[in-house]
Amino acid sequence: MANLADEYGTDVEIYIKALTSTIHAETPTGAPAGLHDLLEQLGLARHEYPAGEPLYIWHTVPDQLGAEEQKRLANRAIPALLLAGYTVNCDPEVFDEALYQQAVHRLRARAARPAPQQSLPASSPSRSAPARRAP
């Protein structure tokens, strides 16, 4: 079996498998478990061959999704993978600039949300500090 991630030196290769409509995400031989876990967290299904002691691990977008939802899921995964520090190559047949930009926007919005504030202890200073405003 040819592994495109090994061939091109990337962490993830996203493409439509020849003679199918299945979107694959291949990782290089010996890819870290964290990468496989992240792909699963992003909604891709993990496959191993042979089962048990895999020599080859790949992920696919779930077949039960419609074609547009499959493409959406693949494009949403790219910014999260890049943010995690992985190199990603996505075939132009799968890549959709608008879907990618939506995913980037969602990640930025999520990162920009302030962390929940912890409540102050019961004994606070008698003088209150002036309220701070975020720009």
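This is a predicted model: local features need pLDDT of at least 70, side-chain atom pairs count only at pLDDT 80 or more; totals for chains, interfaces and linings use all residues.
Helices here are DSSP runs of H or I with at least four residues, numbered from the N terminus.

**Entry 1: Asn75**

I went looking for Asn75 and found that its place is in helix 3. Is Asn75 buried or exposed? Its relative accessibility is 0%, and buried means under 20%, so Asn75 counts as buried. Next I checked what its side chain is doing. One of its polar atoms lies 2.8 Å from the backbone oxygen of Lys71. Then I skipped the neighbours within four places in sequence and listed what else Asn75 is in contact with: Val94, Phe95, Asp96, Leu99, Tyr100 and Ala103.

**Entry 2: the core**

Which residues touch the most other members of the largest nonpolar core? I got Ile14, Leu35, Leu44 and Leu81, out of 20 residues in that core. I then asked where the core residues come from. Strand 1 (12-16), strand 2 (23-26), helix 2 (33-41), helix 3 (67-83) and helix 4 (97-112) each supply at least two. Helix 3 gives the most, with five residues.

How many bridges join strand 1 to strand 2? I noted four, and the two strands run antiparallel. Ile16 stands opposite Ile23 in this pairing. Strands 1 and 2 form a hairpin, with six residues between them. Leu19 is in the turn, and I wrote down its positive phi of about 65°.

Strand 2 also pairs with strand 4: three bridges, again antiparallel. Here I found Glu26 opposite Trp58.

**Entry 3: Pro54**

Last stop was a loop. Pro54 lies between strand 3 (45-49) and strand 4 (56-60). Its relative accessible area is 30%, so I put Pro54 down as partly exposed. What is Pro54 in contact with, once neighbours within four places in sequence are left aside? My list reads Glu48 and Tyr49.

Notes. Residues are numbered from 1 along each chain as its sequence is written. Side-chain values use heavy atoms; hydrogens and water are left out. A nonpolar core is a set of buried Ala, Val, Leu, Ile, Met, Phe, Trp, Tyr and Cys residues joined through side-chain atoms within 4.5 Å. Buried means under 20% relative accessible area, exposed over 50%, partly exposed in between (1.4 Å probe, protein chains only). A polar contact is a pair of N or O atoms within 3.5 Å; within protein, one must be able to donate a hydrogen and the other to accept it, and residues adjacent in sequence count only if both atoms are side-chain atoms. Contact means heavy atoms within 4.5 Å. Two strands pair if DSSP finds at least two bridges between them.
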